[in-house]
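Have the structure open as you read.

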Amino acid sequence: MNSATTNSNQSYGSNLPDQVDLIADLSDTQFELLNDLRELYRDRVALERDYAVKLQALAAKASERKSKNIASLVLGNEPTKAWDETVLQRSTLNVAYEQLISSFSDSAQDHVNLADNLSSRVTDALKTSERKHADLKKKQMQFFQKLLSERDRVYSERSKNKQNYDEECMDLESYRQKQDRAQADRHADRAARQYEQQQNDMLNSKNTYLVSIDTANKVKAKFYSGDLPLLQDQFQNLQTQLLNQFVAILSQAQDLHMAHLDSLKGRVSKVQDSLAKVDAKQDQDLFIDYNIRPFAPPADWTFEPCKSHYDTGDVSVESGPKVFLQNKLSKSRAKLQELAPLLESKRDEVARFFQLFASYTGDRSLGNTEEISDDYLDAQHQLTFYETSACILQAEIDTISSALEGDEGAQKPHSFKNSSFSIPTQCGYCKSSIWGLSKQGKTCRLCGLSVHSKCELKVPAECTGSKEGRHRSSASISRISIDNSRNDAPQTPTASSFVKSDVSAHAETKYLRAKIIFDFLATSPFELSVTEGVTVQVLEDDDGSGWVKVGDEAGGTGLVPASYIAYIDSSYEAGPHPNAAVSAGDPRKYAKGVYDYEAQGADEISVHAGGLIELTAGPSGGQNYAEGWWEGIDTTGKRGIFPSNYVELV
């Protein structure tokens, strides 16, 4: 602190001599402060009234909506029993809702009361205090002007007496000179008397002047040592009174605000108490009590014969339909077997989330209950869909097994994959043409049999396991290509794929090796997490979905994106330079381009006239790939298929 705030003996009169104008300006500034605060609280009053009006309108709107919807909220849209207002009051939610709306309305009145009190006890009080002290300041300034006038009158009297003294002195000198000239004159006596009289007048004027000097000094001393300090101290007292009144008025304003906040706090406490009493179970029991209706589940569906064809409700097990049932039974069992561990894992996950939810509900300090609740709900939803898939598959298995009575046919199923066809290709089952670029057919990975998608389940499960046994027409230029999407990202398998998917399991036992070129983190139980640089075995090649099934060294298996692997087996090494001569002792087979062909899919390679392509080996590679299509490795080392009628063997 500085000395001005610690020395209580200081005053305007003793420490600020002759500073009346400065002190008066300070009073004017204080009046401006009072005026600013008065306008501030006047605007605050207007805001409180405006807020009260809007809050009251909001409460009225909410009350109107509540009156329209509360019956449906408590008892439902179509209660089965008669009810009245007392029934609604039994709902703890309704009571809490009503208390909330009431708190809005009561709070609006609290704001009106606050505005009235601020207007009468703060705004008006500030205005009264400002006016009163402005009048007192004016009175003090008038008194100051009178003091100045009285002081200046005394000063003026001294100046006037000085002037008279100077004039008398000059007149005396004039009479002295006149007396000197009249020494020998008969008027000498007269001149002497005049000089003596003037000398007396001069001395009287001098004495008067000396008295006025002493008077002016005494008045001056009284003005600066008594009158002026007294006036300034009076100003100080008036300013002290003004500030005390200012503080008292603002303190009263704060008391009004505190009382207002206490009132609002009481409203909030009432709402909190009513919310704490909300009992979901009690309200649900009330809802149940007024919505009990007789219920019977829908009747089971039964076979309805066509009006134009007489038939019975027995499952047909004739030769053709039996093959279809046998294939469907095999697929359903395979999918149910794959679904079983996933279903068990999901049940364990639901049980674990249930325990966590119970723990978090009992002790909220453990974590966020809502996050656990969301995860628990999602797990329950997924489990429900998995169980629905299992129910569908089991129903199919039970129904078909009962109809087949043990005759499940051959156990050599084809391994079909989605295929597209740019030119007509004969279906291996119905012998009609397959033609289309959007998964219009299926091709067996093992024996190369091509069929319509609709014919897949009609083909007997008698796969030869080799394409050598199939007849190839040299005139055929059919094109079969694995349907790989060029733009779409691979789709993650889901539980619905167990029912709707038509892709059979791959049955090869000799697997190619590949290296992972990007890290991949599994996001579903069907996938396998792998890291860059790891070597894996390709258990199932890409069937057009953009995924391959691989196995790692730890024994784990699962799906990874096909674009995340690079084959490293010898059959995938780069082929020869197009101008290199083929050695007579080279056991590898080569094809030379006859016409140019531009690759039209990710699984194809381009053919250049005169260029060499190394044919891959194996029962499903090279010339054995499919009718009209061979598999090989181009000069860049890329492995793919190409039309056989665009090349010739070297």
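Leaving aside its neighbours within four places in sequence, which residues is S107 in contact with? The answer is L55, L264 and R267, once those sequence neighbours are set aside. Keep in mind that this is a predicted model.

**The overall picture**

The protein has 650 residues, and 34% of them are buried. Its secondary structure comes to 10 helices and 14 strands. If you take contacts between residues at least 6 apart in sequence, 68% of them join residues at least 24 apart.

V112 is partly exposed, at a relative accessible area of 26%.

How do the axes of α5 and α6 cross? They cross at roughly 175° and come within 8 Å, with α6 taking in residues 188-276. That angle makes α5 roughly antiparallel to α6, since anything over 145 degrees counts that way. As for what lines the contact of α5 with α6, its residues divide into 41 nonpolar, 26 polar and 19 charged.

In soluble globular proteins, nonpolar side chains tend to be buried together. Here the largest nonpolar core has 31 residues, and the ones with the most contacts inside it are L339, V530, V550, V560 and I565. Two or more residues each come from the helices α8 (319-362) and α9 (369-404), and from the strands β5 (512-516), β6 (535-540), β7 (547-551) and β8 (557-561). The top contributor is α9, with nine residues. Domain 2 (319-404) and domain 4 (513-567) both supply residues, so this core lies between them.

Not counting residues up to four places away in sequence, V530 touches I516, D519, F520 and V560. There's also a second, separate core, which has 16 residues, including A115, L126, L242 and F246.

**A buried lysine and a buried glutamate**

Is K346 buried or exposed? K346 counts as buried, at 8% relative accessibility, because that is under 20%. This lysine lies in helix α8. Apart from neighbours within four places in sequence, K346 is in contact with A379, Q382, L383 and Y386. P525 is 179 residues away from K346 along the chain, yet their C-alpha atoms are separated by 9.8 Å.

E456 is another charged residue to look up. You'll find E456 in the loop between β3 (450-452) and β4 (480-482). At 5% relative accessibility, E456 counts as buried. The C-alpha atoms of E456 and T443 are 9.3 Å apart, with the two residues 13 apart in sequence.

**Loop residues**

T531 is in the loop between β5 and β6. T531 counts as partly exposed, with 45% relative accessibility. Its contacts, leaving aside neighbours within four places in sequence, are I516 and D519. T531 is also 6.6 Å from F518, C-alpha to C-alpha, and the two are 13 residues apart in sequence.

D18, in the loop between α2 (12-15) and α3 (20-75), has a phi near 55°, which is positive in a residue other than glycine. E405 is in the loop between α9 and β1 (416-426), and its phi is near 55° too, again a positive value in a residue other than glycine.

Here are some loop residues by accessibility:

| Residue | Relative accessibility | Class |
|---|---|---|
| D18 | 48% | partly exposed |
| E405 | 70% | exposed |
| T531 | 45% | partly exposed |
| E456 | 5% | buried |

Conventions: Residues numbered from 1 in each chain as written. Predicted model: local features only at pLDDT ≥ 70, side-chain atom pairs only at ≥ 80, totals over all residues. Heavy atoms only, no water. Buried < 20%, exposed > 50% of the residue type's maximum accessible area, 1.4 Å probe, protein only. Core = buried A, V, L, I, M, F, W, Y, C linked by side-chain atoms within 4.5 Å. Helix = DSSP H or I, 4+ residues; strand = E, 2+ residues; numbered from the N terminus. Domains from an automatic or database assignment. Contact = heavy atoms within 4.5 Å. Axes fitted to C-alpha atoms, helices over the stretch in contact; angles between N-to-C directions. Parallel < 35°, antiparallel > 145°, perpendicular 65-115°, else oblique. Nonpolar A, V, L, I, M, F, W, Y, C, P; charged D, E, K, R; others polar.
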